[in-house]
Amino acid sequence: MGIIAWILIGLLAGFIAKALMPGKDPGGIIVTMLIGIAGGLLGGWLGKVIFGVDSIDGFFDLSTWIAAIIGSIILLALYRLVAGNRRHHRHA
């Protein structure tokens, strides 16, 4: 898949991850989109490392989308944890 396809999958995966994990994010929509792009790559890499499968088969394959969404959820949760802790320490 090309870089444009990865960006598109990442943007949509970030949007889906945000919908599955509602709540206030420390960043805005741009941060969520960047997390989605990175999450798509992370999900594909984790699929290869943990399960030994090529989860990045193609744009319309379900495994590609599942891997991208799971990766985005992981990164969004980590971002909320880190950014939320940083914000609490400033006010304390």
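From the N terminus on, the elements of the protein chain run α-α-α. The chain holds 3 helices and 0 strands, and the model is a predicted one. Of its 92 residues, 33% are buried.

**The chain as a whole**

- Among contacts in the protein chain with a separation of 6 or more, 74% are between residues 24 or more positions apart.
- The protein chain exposes about 5,800 Å², and carbon and sulfur atoms supply 74% of that area.

**The nonpolar core**

- The largest nonpolar core consists of 6 residues: W6, I9, A13, W65, A68 and I69.
- Helices α1 (3-20) and α3 each supply at least two residues of this core.
- In soluble globular proteins, nonpolar side chains tend to be buried together.

**Helix α2**

- Helix α2 covers residues 29-51 and has 23 residues.
- From its first C-alpha to its last, α2 reaches 31 Å, close to the 33 Å expected at 1.5 Å a residue.
- The buried residues of α2 are T32, I35, G36, G39, G40, G43, G44 and G47.
- An α-helix has 3.6 residues a turn, so residues three or four places apart point the same way.
- T32, which lies in α2, counts as buried because its relative accessibility is 8%, and the cut-off for buried is under 20%.
- Leaving aside neighbours within four places in sequence, T32 is in contact with G14, K18 and D25.
- The C-alpha atoms of T32 and A13 are separated by 9.6 Å, and the two residues are 19 residues apart along the chain; A13 is also one of the residues of the largest nonpolar core.
- G52 follows α2 and has a positive phi, near 70°.

**Residue I7 in helix α1**

- I7 has its place in helix α1.
- With a relative accessible area of 34%, I7 is partly exposed, because this class lies between the cut-offs of 20% and 50%.
- I7 and L41 are 34 residues apart along the chain, and their C-alpha atoms are separated by 9.8 Å.

**The surface of helix α3**

- A nonpolar patch on the surface is formed by L62, I66, I70, I74, L78, L81 and V82.
- Together, the residues of this patch have about 640 Å² of accessible area.
- L62, one of the residues of the patch, is found in helix α3, which comprises residues 62-91.
- L62 is exposed because its relative accessible area is 62%, and the cut-off for exposed is over 50%.

Terms used. Residues numbered from 1 in each chain as written. Predicted model: local features only at pLDDT ≥ 70, side-chain atom pairs only at ≥ 80, totals over all residues. Heavy atoms only, no water. Patch = residues over 30% accessible without salt bridge, like charges linked within 9 Å, V, L, I, M, F, W, Y side chains within 5 Å. Areas by Shrake-Rupley, 256 points an atom, 1.4 Å probe, with all protein chains shown as cover. Salt bridge = Lys/Arg side-chain N within 4 Å of Asp/Glu carboxyl O. Helix = DSSP H or I, 4+ residues; strand = E, 2+ residues; numbered from the N terminus. Buried < 20%, exposed > 50% of the residue type's maximum accessible area, 1.4 Å probe, protein only. Contact = heavy atoms within 4.5 Å. Core = buried A, V, L, I, M, F, W, Y, C linked by side-chain atoms within 4.5 Å. Expected span 1.5 Å × (residues − 1).
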